[in-house]
Amino acid sequence: MAEEHDLSMMENLYWWGIPTLFRCPQDKLETADIALVGVPHSTGNGTTERDQHLGPRAVRNVSALQRRTHGDFEIDPWNEAKIIDAGDVPFPRANDNEHCIEQITKFYKAIDNSNTRPVSIGGDHSITGGIIQGLASGVLTKGEKICFLHLDAHTDVFTTVDHFLGAQKSAAHWGAYLPDQGMVDPKNSMQIGLRGHPRTLDWLQPSYDYGYNIVTMKEYRQRGAFDVIEQVKAVLDGRPVYITFDLDCLDPSVAPAVSNIEPGVKGFSVDEAIELMHAVRGMNIIGGDVVCLMPTKDSPNQITAMVAAAVMFEMISMIAELKIKNAIA
């Protein structure tokens, strides 16, 4: 008993042992319900802020500190589902964004073929395009189009330019090219928290043109959480849901180490963002990602990395709870 207690204490120490995501074992996909994946990719952002490829390593470093049980759900996700650390997507040509997106797609096709739901840590937001290309029209979606719960300060539907400083399937374009490819249904997707970097007055128009259901940060504050959550439930219920969470949707005081920080308008608190994610609790969540962590800009206490891990924990818990529900059904 004493040895068990000692081991439990040691596993809580982020600086001890092999830093897998949340202390999960590295195992074969075929054995897993949930695959945790690192996507250390930066060249889809196109800016000089390129340290986002360090995000997965930073979260591996701190994730042992995260909760082991979900108090609100009253579950231990690590016992309810078989969860593995599937490692990092390999990028032999890391400076070639288009090749990297192909590598991501290939990696996630294997995950989908194993009927395993991925929860990923990036990486810049271009990774979502590669991930969805791997999951679309596959085992998890059963041939249906994927619908987004997208929390972000930016639309990532920048159709007014055909590339972002050379990157074509970039962090600024995935919200457009995925619907163009018939993989995503914008009319049954939500973009929430948009507030950032408007250089023209029509900056939201491309998202409206695609049919996304948009809730700007200003509108969220006016309408209130309850009303927005009810809309999320109405729009996404009964569909294959993919959660993509850009850390810049959070207020900079909560998550200072992000690549496209938006200080001009107050962003979400952690509680607000998690409450919005919980709107899809019980739905067919096929996976999720957390993106745009820049560890080199983080506070000494690594708060942004810890927040990223906390958001991942919520995704993991909702998918684990779904497994319980499906087993009972």
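A: Glu314 is buried, at 3% relative accessibility (buried means under 20% relative accessible area, exposed over 50%, partly exposed in between, with a 1.4 Å probe and protein chains only). This is a predicted model, in which local features need pLDDT of at least 70, side-chain atom pairs count only at pLDDT 80 or more, and totals for chains, interfaces and linings use all residues. Residues are numbered from 1 along each chain as its sequence is written, and side-chain values use heavy atoms, with hydrogens and water left out.

The side chain of Glu314 forms a salt bridge with that of Arg67, at 2.8 Å from N to O (a salt bridge is a side-chain nitrogen of Lys or Arg within 4 Å of a carboxyl oxygen of Asp or Glu). Glu314 belongs to helix α11 (residues 303-328) and Arg67 to the loop between α2 and α3 (77-80), so the pair ties together parts 247 residues apart in sequence (helices, H or I with at least four residues, and strands, E with at least two, are DSSP runs numbered from the N terminus). Arg67 is partly exposed, at 39% relative accessibility.

By this rule there are 9 salt bridges. Another of them joins the side chains of Arg60 and Asp85, at 2.9 Å from N to O. Arg60 lies in helix α2 (residues 55-62) and Asp85 in strand β2 (residues 83-88), 25 residues apart.
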